[in-house]
Structure formats: structure tokens, C-alpha cells
Amino acid sequence: MSKISLICLFALFQSAALFAFNPMASREFYELKVYHFKTAEQEQKLDDYLQRAYLPAMHRAGITKVGVFKPIVNTATPSATDDRLLYVFVPFRSRDDFFKLDEKLAKDKQYLTDGAAYLDAVYNAPPYDRIETILLNAFEKSPHFNLPELTSARKDRVYELRSYEGHTEKISKNKIDMFNQGDEIGLFKRLGFNAVFYAEVVAGSRMPNLMYLTTFENKAARDAHWDAFGKDEYWKKLSAMPNYQKNVSRNDTRFLYPTDYSDI
């Protein structure tokens with residue numbers, strides 16, 4: 001083998017080693033888009049765009065699973081605001097894949113054609129009011145998203161999106177450590193919470209915070225799981241540890257259900 005070949009081979013092994021020992025290398029990167037809109041017409045435009053243009057284009061780009069969720073409306077206590085929401089969860093293998101996506105979509109002629117009504121919407125008939133974008137790093141002990149194992153009708157399912165805000169960056173890291181090193185993730189798995197992801201927010205409007213999404217067959221199953229969680233001996237031990245005290249300043253919980261065309 002020539003000297004040049006040996007050098008190239010050494011460089012290849014060195015790159016592989018760096019990848020293997022880089023804790024971020026195999027952890028996924030997520031985008032959570034939140035569409036804010038007001039009218040039924042806007043909602044229909046969003047559904048048409050996502051179902052007929054965006055998700056098919058993502059599939060062509062190699063992102064085979066995209067989640068689209070809507071809030072579960074509590075008819076007993078209707079919202080006092082007319083701001084309506086639609087959530088889109090996109091898992092990427094890396095940050096690079098996220099930043100290259102717009103370029104890929106711009107070259108996808110089928111996407112540009114199928115999504116024309118949305119992409120070319122005029123100023124006085126927009127398909128939404130605003131888009132909120134949240135970027136997240138998957139947790140060390142949950143580096144990849146998971147498809148929930150549910151059998152109930154989609155309209156009955158409860159997807160629980162939680163955001164735990166911390167008083168400071170250091171305190172928020174402590175709560176993340178509770179999930180990873182404290183194995184709160186393992187507790188959720190053992191109790192069958194069917195989590196889609198656990199992740200740290202790296203860009204968003206409520207930082208510092210973490211977010212995770214658990215899923216249930218229905219509301220009764222959701223309540224039963226959390227009841228078991230609160231009574232679990234490991235949770236009682238973990239939550240009583242002095243080093244994990246007062247590490248959440250606000251818990252924002254949203255109840256969602258998957259649309260008929262959602263991949264997740």
C-alpha cells in the first residue's frame with residue numbers, strides 16, 4: 001500500500017473515531033413549527049398545503065416521518081382568544097440537514113406546483129398569521145424520535161406536549177440531567193408513556209426550556225399513566241433528591257391529536 005493510501009486510510013479512521021466519540025454526532029435535531037391562524041379558511045389552506053405539498057416533498061427529501069398535530073379543544077372551557085394553532089414536528093438527522101432543507105425544497109418542482117396556493121398566497125389572503133419556530137437537540141438518553149404504538153382512532157388519541165422552563169440556563173440543564181443521568185426517561189419508558197421525543201430547546205421563545213411529547217390511546221389512558229407515575233417508587237426517590245429540587249419554573253402542557261395525514 002502506498003504512503004498516500006496509508007495517509008488517506010488513517011484520515012478515514014480518524015474521522016470515524018471522532019464521529020463515534022462525538023456525543024452530538026448521532027443525536028437528532030428537531031424543528032417544531034407552530035402555525036398561528038384565525039379562520040377556518042386558513043386552516044383548510046394549511047391542511048391542503050401540508051398534506052398535498054409539504055409532507056410529500058419532505059418524503060422525497062428523505063424525511064419519511066413528519067408529525068402534524070392540532071389542539072384538543074375543551075368544549076367546556078372555550079378559549080378566550082381567536083388565535084388557533086397547528087403544530088408540525090420535523091425530525092432531522094443533523095443540524096446540517098435542517099439548514100439545507102429550504103434549498104432542497106426550492107429545487108423540488110413538484111413541491112412548487114403542489115404548494116402554489118400556499119407559496120404564492122397574496123398579502124390580503126394569507127394562509128396563516130404567524131409561524132413560530134422552535135429548534136431542539138434530542139436528549140443524550142433519547143437520541144432518536146420514536147413512532148408511538150397506538151391502536152385507537154386518531155381522533156381519540158391524546159398527545160401531550162410539555163415544555164419545562166427553567167429559572168436559568170444552569171437550572172434548566174439540571175432538569176435535563178434529571179431526564180438523562182437521573183433516568184427519568186427510563187421511568188417514562190417503563191410505564192409505557194409512548195414518547196415521541198425528548199429534547200432541549202436551542203432556539204425558541206420560552207428559553208431556557210426542554211420539551212417532550214408523550215402519547216396515549218385516549219384521555220382515560222393518559223390520566224391512568226400519570227397517576228401511576230406519581231405513585232411510582234422510583235419517581236418518589238428521584239424527585240426527593242436534593243440535587244434535583246426546584247429545577248422547573250413553569251410547566252406548559254398542551255393536549256394535541258394527530259391529523260389524518262400525519263406520519264406520527
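Before moving on, note that the model is predicted, so local features need pLDDT of at least 70 and side-chain atom pairs count only at pLDDT 80 or more, while totals for chains, interfaces and linings use all residues. Residues are numbered from 1 along each chain as its sequence is written, and side-chain values use heavy atoms, with hydrogens and water left out.

**Back up into α2**

Now select residues 40–60, which make up helix α2. Helices here are DSSP runs of H or I with at least four residues, strands are runs of E with at least two, and both are numbered from the N terminus. The 21 residues of α2 should span 30 Å at 1.5 Å a residue, and the end C-alpha atoms are 29 Å apart, which agrees; the expected span is 1.5 Å times one less than the number of residues. Look along the helix for a kink of about 45° centred on leucine 50. That bend is the angle between axes fitted to the seven residues ending at a position and the seven starting there.

Next, colour the buried residues of α2, among them Leu46, Tyr49, Leu50, Ala53, Ala57 and Met58. Buried means under 20% relative accessible area, exposed over 50%, and partly exposed in between, using a 1.4 Å probe and protein chains only. What covers these buried residues? Show β1 (29–37), β2 (67–71), β3 (84–92), α3 (95–106), α4 (109–114) and α5 (116–119), which are included in the cover.

**Some aromatic pairs**

There are 30 aromatic pairs in the structure. Rings of Phe, Tyr and Trp (its six-membered ring) pair if their centres lie within 6.5 Å; planes under 30 degrees apart count as stacked, over 60 as edge-to-face and the rest as tilted. Pick tyrosine 35 and tyrosine 128: they are edge-to-face, 5.6 Å centre to centre with 65° between the planes. This pair links distant parts of the chain, with tyrosine 35 in strand β1 and tyrosine 128 in the loop between α5 and β4 (130–138), 93 residues apart. Buried or exposed? Tyrosine 35 counts as buried at 0% relative accessibility, and tyrosine 128 counts as partly exposed at 22%.

**Over to α8**

Jump to arginine 222 in helix α8 (residues 219–231). Arginine 222 is buried, with a relative accessible area of 14%. Its side chain joins that of aspartate 223 through a polar contact of 3.0 Å. Such a contact is a pair of N or O atoms within 3.5 Å; within protein, one must be able to donate a hydrogen and the other to accept it, and residues adjacent in sequence count only if both atoms are side-chain atoms. Leaving aside neighbours within four places in sequence, arginine 222 is in contact (heavy atoms within 4.5 Å) with Val158, Glu160, Arg162, Phe216 and Phe255.

Most residues other than glycine have a negative phi, and most peptide bonds are trans. Select asparagine 194, which has a positive phi of about 55° although it is not a glycine; you will find asparagine 194 in the loop between α7 (184–190) and β6. Then try lysine 246, with a positive phi of about 50°. Lysine 246 is exposed, at 73% relative accessible area. Finish at the cis peptide bond joining methionine 207 and proline 208, where omega is about -5°. Proline 208 lies in the loop between β6 (197–203) and β7 (209–216).
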